[in-house]
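Hi everyone, thanks for coming. Please have a look at the model on the screen, and then I'll walk you through it.

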Amino acid sequence: LSSLSLFFNPFDNLVCILLGISLTVWFTLLLVFIIVPAIFGVSFGIRRLYMKTLLKLFEWATLRIERGAKENNHHLYKPYSNAIIAREPTSLEEEIKEIRRSGSNRDLDSAPEFEMSDIFYFARRGVESIMDDEVTKRFSAEELESWNLLTRSNNNFHYISLRLTVLWGLGLLIRYGFLLPLRVTLAFTGVGLLVFLTCLIGLLPSGRLKNFLSEKVHLMCYRICVRALTAIITYHNSENKPKNGGICVANHTSPIDVIILASDGCYAMVGQIHGGLMGVIQRSMVKACPHIWFERSEVKDRHLVAKRLSDHVEDKTKLPILIFPEGTCINNTSVMMFKKGSFDIGATVYPVAIKYDPRFGDAFWNSSKFGMVNYLLRMMSSWAIVCSVWYLPPMSREADEDAVQFANRVKAAIARQGGLVDLLWDGGLKRGKVKDTFKEEQQKLYSKMLVGTPEDRSRS
Amino acid sequence: AVGPKGIFRVIERSEQWSVGELEPEDFGAIRELSMNPIGDRIISAFFSPGKETVDFASFVRILAHFHPTETSRSRDGVQPEPANSRTRKLKFAFQLYDQDRDGKISREELLQVLRTMLEMQVTEEQLQSIAERAIQEADLDQDDAISFDEFRKVRGVDLIRDQIDNWEY
């Protein structure tokens, strides 16, 4: 027995030594290549190189699939393209006339009267909308034309070739075995540092030193988090970056939006106080610089919210507020109606457009489908998150517009810049219902066709 | 047509609703349907009388009405009528009128449909006269109601050949 133990001990030692060495090397590399650049805000360009390589790989993979599908005569499920998804709107009158024309050869230029067949028009439109409607399209993830080696984003995935499957398997290994642990480590480091350092800074007396340090700490921690997601961000028009006393307004696709914006500038966050880890982070952040956190009960009180926001904005030493007016996450193909609250305050608005490149990983958070943790895991096991941020020139409310018009103007500017479709609809519709006023429009159109407008009738 | 893309969407939808069965309220999230004057009637067409939920299979079965009619198919008297036959489509439309499913469209039922399609835009007298004219034209056996056979023969309905045959979402 003792000879056996002699045999194992040196071996044990060797394993321990090797483990120790590799861990040290690992952490040193981490420090040098990721954390130190994050602190100083510089970049080695590793991520961009990584991105270029990935793109070439995806192109190859897509070609292989298309070739394979052609060879095997598989019907490729081709999703609709990135173009605007809206159907050609035909007027109610045209369509009903079309239905009637096919039914009878009566002269249709005479005043049209009600026909029992008219119901076909409404029935068909109704069922069409059950199959496929404009708004719900925005809430499901965008469908891609190329394949990015993630099975979750591809509906065509079946066995095409050995090489492709091997590549996919390799990708799986790299993503879950190497990238995921790395990123999780970074994420914990980033968040941990944020909490710890902001608490430290909170001990300092208010003044220039505190603000300066707070800025540096926030930026550093967000940059680490950016690297934790392997986010490759391109900022455009940085001369328009939001200034103190203003409100920064952006379209919302995922909780990551916050990290993306906050790693390039300092903002005051607005939101509800949560419990758990999120709450801890929020409470420590507010020690270092003033953020606007609301208790759950206060959120419903619009006046209170508006008052706190406008108080913050008037104090020019405080940071610009970051707000996502859509109120919920949209799938990054369009911009939904902005809630008017933030546009009512009278501060300068700095619009920002964020557009994610879906080729690398879908950043959209469908909160009704996935929880937060699930979502973050998906993000961290994707290849990368590539996005572009455009800082648009500041806008102010004009004398003759009200808050809603101003909000729509800002929304249009953001949609135009980001190449997103400008939808005049309420993001809350993902969960809610429709107002009755819209039904009236259809009724008006139909009755106009049958009996003319009230003016016509009163004239006759 | 309810092809691969369509089925995929339907499945995604039912996952989104993430329940085994649908209730009428679930359709409420569809904006265009709520804007449709007869939206409520279309929704109730999915639910059997007395039932408050519809399961996925029945849901798809009803949608299958909207597959284009295959007119070239040889008629085999023994086979059950396919879901998308012209008769089935006409029956679907008929039932949008005939809400109590008694096989006849009564004057009151016709008025109700007209009311939902026109609501505040016309007067009650105008509604009555429109309904009166429609019944007089369609009611062949003079029983003051429109049966399914009479419905099929109504001018406009009888000849909507192309429209119905190519009727797809």
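Let me start with a definition: a contact means heavy atoms within 4.5 Å. In chain B, 54% of the contacts with a separation of 6 or more are between residues 24 or more positions apart.

A word on where this comes from. This is a predicted model, where local features need pLDDT of at least 70, side-chain atom pairs count only at pLDDT 80 or more, and totals for chains, interfaces and linings use all residues. Residues are numbered from 1 along each chain as its sequence is written, chains are lettered from A and ligands numbered from 1 in the order in which they are written, and side-chain values use heavy atoms, without hydrogens and water.

Staying with chain B, we find nine helices and four strands; these are DSSP runs, helices being H or I with at least four residues and strands E with at least two, numbered from the N terminus. Along the sequence they follow α-β-α-α-β-α-α-β-α-α-β-α-α. Of the 169 residues in chain B, 43% are buried, meaning under 20% relative accessible area, while exposed is over 50% and partly exposed lies in between (1.4 Å probe, protein chains only).

Now, chain A. How exposed is A:Cys16? Its relative accessibility is 54%, so A:Cys16 counts as exposed. A:Cys248, by contrast, is buried at 0%.

How many disulfides does the structure hold? Zero, over all chains, taking a disulfide as a pair of cysteine sulfur atoms within 2.5 Å.
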